[in-house]
Amino acid sequence: MDRLLDLARESGLEVNDDSDLGDILGRLSAGTMIPARAVSAMNEILGYIFRYDRELALSIERAGGDQVVNQSPVAERDEIGG
């Protein structure tokens, strides 16, 4: 697994530590086929979550770091993709 992560990083891929997703995938038997549509949907969902987390952290930092942000930074957008 470490080698796979190293290769991903060397290739310039963003690697996120997600123990819940790792647990779910770890329950699958080796060779289990995951439908491409499921992988695509998961990529979209996780991408949205990671972008939201980054933007929320930036908003909190701009607000002084200790203030609660009342508005989601992505709420003003017309679509999830940005």
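This report walks through the fold, the surface and the salt bridges of a predicted model.

## Ground rules

Numbering starts from 1 along each chain as its sequence is written, and side-chain values use heavy atoms, with hydrogens and water left out.

## Fold

The chain has three helices and zero strands, where helices (H or I, at least four residues) and strands (E, at least two) are DSSP runs, numbered from the N terminus. Read from the N terminus, the order is simply α-α-α.

## Surface

Of the chain's 82 residues, 10% are buried. Buried here is under 20% relative accessible area, exposed is over 50%, and partly exposed sits in between (1.4 Å probe, protein chains only).

## Salt bridges

Side chains of opposite charge can pair when their charged atoms come close. There are two salt bridges in this structure, meaning a side-chain nitrogen of Lys or Arg within 4 Å of a carboxyl oxygen of Asp or Glu.

One pairs Arg27 with Asp23, with 2.9 Å between the closest N and O atoms. Arg27 counts as exposed because its relative accessibility is 65%, whereas Asp23, at 40% relative accessible area, is partly exposed.

Another links Arg3 and Glu10, whose closest N and O atoms are 4.0 Å apart. Both Arg3 and Glu10 are exposed.

Conventions. This is a predicted model: local features need pLDDT of at least 70, side-chain atom pairs count only at pLDDT 80 or more; totals for chains, interfaces and linings use all residues.
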